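Here's a quick briefing for anyone opening this structure for the first time. Have a look at it, then read on.

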Amino acid sequence: MPVVEVEKLAKRYGDTVAVRDVSFTVEPGEIFGILGPNGAGKTTTVECIGGLRTPDSGRITVLGRPPADRSLRAEVGVQLQEGELPDRLTVREALELYRTFYPDPADWRQLAGDLGLTEKLTTRYAKLSGGQKQRLSIALALIGNPRIAVLDELTTGLDPQARRDTWELISQIRGRGVTVLLVTHFMEEAERLCDRIAVIDRGEVVALDTPAGLVQQTSDEQTIRFRPSVPFADALLTTLPEVRRLTRHGDRIEVSGNGNLLHAVVSALALNQIVAVELRLEQATLDDAFVRLTGREES
Ligand code: ADP
């Protein structure tokens, strides 16, 4: 049984259509990413899944139940947005308080350790840095030992090291069998962590695939760069069906195309006793796929 099923979800705020038509299914044990530019409708989607908002139309089930079902509270951990805790509460008090909400809570000391918060246990919420608040909000999402963790922009505001530590933690959580629903606008995060990604733009799913699948779907173009051991005429390569474009930069050559481009180019050169020196092959990245799908750079 899928862990989360979303079918034709729609939600508007007054005149603003936040979610127009979103459908996807999250399988058990997956890290499922929702990737899209700011304002695409990502948060609204996960808030509906978390039972925090009521959809205008469409159908959502979480572990086979409607999102508002009270029994889901212990099974779904939702990361809080910044500023939702009282300023005077210390890290330890927040962890101890939140663990009382759940029947089978995690060991808060261990969780604080995993998230690098051990030194901050007596610090009040208002005195934490942005990154520390972020890590506390992740700890609070996980303290109930949920079966599903919903994490919204979890590494925004973290420095690169803390971001990497958080990725490591998410992988560990999945290793314990927790299904993770991850909202992000960071391409690298989606690429590294997610098994599958739904790309959302203007309230609609514009693509849904594995990171590698998304790249393949949107671009099969490859680029090869090299320096030939001896000069040759463009036609040697431009007549190959795999080659779309050849450009010269001094003694360097750049060839773009598709299919088995590398093999075709190297073979044609070899037939003419030419060696491709300093050969590099570049393939499209998830960044390229994202720009093609949404028409926008990562924001
Ligand atoms: P994302 O998480 O992808 O940035 P959101 O779901 O937060 O997108 O927002 C989608 C759209 O809905 C945006 O245009 C946003 O301004 C609007 N929106 C979000 N929350 C509210 C709200 N509470 N009231 C009015 N408009 C909102």
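Into which domains is the protein chain divided? The chain splits into domain 1 (4-216) and domain 2 (220-281), with bounds that come from an automatic or database domain assignment. Keep in mind that this is a predicted model, where local features need pLDDT of at least 70 and side-chain atom pairs count only at pLDDT 80 or more, while totals for chains, interfaces and linings use all residues. Residues are numbered from 1 along each chain as its sequence is written, and side-chain values use heavy atoms, with hydrogens and water left out.

**Domains**
- The C-alpha centres of domain 1 and domain 2 are 46 Å apart.

**Around the ligand**

**Atoms next to the ligand**
- Gly39 has a backbone N or O atom 2.7 Å from an oxygen atom of the ligand, and for a backbone N or O atom of Gly41 the distance to a ligand oxygen is 3.0 Å.
- In the side chain of Thr43, an N or O atom sits 2.7 Å from an oxygen atom of the ligand.
- On its own the ligand has 560 Å² of accessible area, and the protein covers 61% of that (Shrake-Rupley method, 1.4 Å probe).

**The second largest pocket**
- Ala212, Val215, Gln216, Ser219, Asp220, Glu221, Gln222, Gln283 and Ala284 form its lining. A pocket here is an open set of points on a 1 Å grid over the protein atoms alone, where a 1.4 Å probe fits, with protein on both sides within 12 Å along at least five of seven lines; lining residues have an atom within 4 Å of a point.
- Helix α7 (residues 211-218) gives the most to that lining, with three residues.
- This pocket lies between the two domains, because domain 1 and domain 2 both give residues to its lining.

Key. Helices (H or I, at least four residues) and strands (E, at least two) are DSSP runs, numbered from the N terminus. A polar contact is a pair of N or O atoms within 3.5 Å; within protein, one must be able to donate a hydrogen and the other to accept it, and residues adjacent in sequence count only if both atoms are side-chain atoms.
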